[in-house]
Amino acid sequence: MFFSKFERLAAGRYLHAKRKEGFISVITGFAFTGIALGVATLIIVMSVMNGFRHELLSRILGINGHIGIMAPVGYPFNNYQEALGDIAAIKHVQQAIPMIENQLLVTAGKAAEGAMIRGIRAEDLVKKKILKDSLKNIDLKDFEGDNVIMGIRLATKMGVVPGDKVTLISPNGKVTAFGTVPRMKSYQVIGTFEVGMFEYDSNFIFMPLEAAQKYFGLPGAVTHIDVTLDKEEMLKPVRKTIEASVGGAAYVYDWKQTNAAFFNAIDVERNVMFLILTLIILVAAFNIITGLIMLVKDKGRDIAVLRTMGATKGMIMRIFFLDGAFIGVVGTAIGVALGLLFCYNIESIRQFLQQLTGRDLFSAEIYFLSQLPARVDPAEVIVVTLIALLLSFLATLYPAYRAAKFDPVEALRYE
């Protein structure tokens, strides 16, 4: 074994400070705590950022596809049935959904809100699992005619419940001799949906595709085709294939393009937080250096006695290396345990703190999601653990080297 029984025994005795060495013990405790908190905080923050990104992405792709095809303004897809067949034949395309999408004004009583109206077929609505699971007590057999489904937050904001009627007002109405008359029509709300993302729950209304075609004056036509892939990594080649097939007849875009600024901001914040929180572990490593240097100075006479009894410089160095390594290993292990425990119970902790403080600690209006997510990446936990151990081991080298270079004659002379 690399470390002898004697070295392990001596290292263990030095870690238990005597009463007069209490200050050294305090510094060692700070080093333990610093590494544990640094590792735990880094794991928690990285997991929350991963969870935040994953949940947003899953909800975005739960409502929208990987690729969107939009018709030029005033030139809807009249031959969309043929286009759907061509798109579905492209490799890695899982499904292609025709829809009509437009922004309108929605009124109910004295309440008025802007909303995104999406016309879609009932059979296509259930193809999106997140959207299907978010429907609240809705029989999709009723999703026909002049019936709509509203986002839960939009319905709550307007004071609308299932069974009530809302009026859709489009500025693009009929042109008369007296000017353009806004298009208005009433629809019955048959239910609500809640995907857990504020932007969708507070802005979207779904209506049957045929009803949307009648309302917008697009008989047998759609404005968008939503394409979902079976593999996200095939996004670029599939998009290039679709662009080549449609030419300049339509505008092709993907989810990365429409959400680029948002996800870039998340990635930048994630990387910066990783660097900043790694500094906490670095500071704790300096505490190890301080504690071990003071321990070496305090144990000068013991080192001298060990040297005169035949202990080599390598043995002395390994003894103090073991002390520092023990602090790093145990502190890292405690930090990993705390971090994982926090991550797996983060929503319960948030709810407890909200009840304790009486404040909303994760507002959906600000953070887009209704629950605080955490997604632990085993690879990242391993990286954080290795970084903490590496910094801890490096911090022990200089104090251990100083202990090995200690002159026993000089130490005994002044005792």
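**View 1. The largest nonpolar core of this predicted model has 106 residues.** Ile-149, Met-150, Phe-206, Ile-225, Val-227 and Phe-320 touch the most other members of this core. Helix 2 (residues 22-63) supplies the largest share, 16 residues. A nonpolar core here is a set of buried Ala, Val, Leu, Ile, Met, Phe, Trp, Tyr and Cys residues joined through side-chain atoms within 4.5 Å. Leaving out residues up to four places away in sequence, Phe-206 touches partners including Ile-63, Arg-118, Leu-131, Phe-143 and Phe-193. Contact means heavy atoms within 4.5 Å.

Two notes apply to every view. Residues are numbered from 1 along each chain as its sequence is written. The model is predicted, so local features need pLDDT of at least 70, side-chain atom pairs count only at pLDDT 80 or more, and totals for chains, interfaces and linings use all residues, while side-chain values use heavy atoms, with hydrogens and water left out.

**View 2. The protein chain comes to 17 helices and ten strands.** Helices (H or I, at least four residues) and strands (E, at least two) are DSSP runs, numbered from the N terminus. Of the 415 residues in the chain, 46% are buried; buried means under 20% relative accessible area, exposed over 50%, and partly exposed in between (1.4 Å probe, protein chains only). Among contacts between residues at least 6 apart in sequence, 79% join residues at least 24 apart.

**View 3. Lys-128 and Asp-226 form a salt bridge, with their closest N and O atoms 2.9 Å apart.** Lys-128 sits in the loop between helix 4 (122-125) and helix 5 (129-134) and Asp-226 in strand 9 (residues 224-229), so the pair ties together parts that are 98 residues apart in sequence. Lys-128 is buried at 4% relative accessibility, and Asp-226 is buried too, at 6%. A salt bridge is a side-chain nitrogen of Lys or Arg within 4 Å of a carboxyl oxygen of Asp or Glu, and the count by this rule is ten.

**View 4. Helix 5 holds the pair Asp-133 and Lys-129.** Their salt bridge has its closest N and O atoms 2.8 Å apart. Because the two residues are four apart in helix 5, about one helical turn separates them. Lys-129 is exposed, at 60% relative accessibility.

**View 5. Lys-185 meets Asp-146 in a salt bridge, the closest N and O atoms being 3.4 Å apart.** Lys-185 belongs to strand 7 (residues 179-193) and Asp-146 to the loop between strand 4 (135-136) and strand 5 (147-151), so the pair ties together parts that are 39 residues apart in sequence. Lys-185 is partly exposed, with a relative accessible area of 33%; Asp-146 is partly exposed at 38%.

**View 6. Asp-254 is found in strand 10 (residues 251-254).** This residue is buried, with a relative accessible area of 9%. The side chains of Asp-254 and Arg-239 are joined by a polar contact of 2.5 Å. A polar contact is a pair of N or O atoms within 3.5 Å; within protein, one must be able to donate a hydrogen and the other to accept it, and residues adjacent in sequence count only if both atoms are side-chain atoms. The backbone nitrogen of Gln-257 lies 2.8 Å from a polar side-chain atom of Asp-254. Beyond its neighbours within four places in sequence, Asp-254 is in contact with His-66, Ile-67, Leu-235 and Arg-239.
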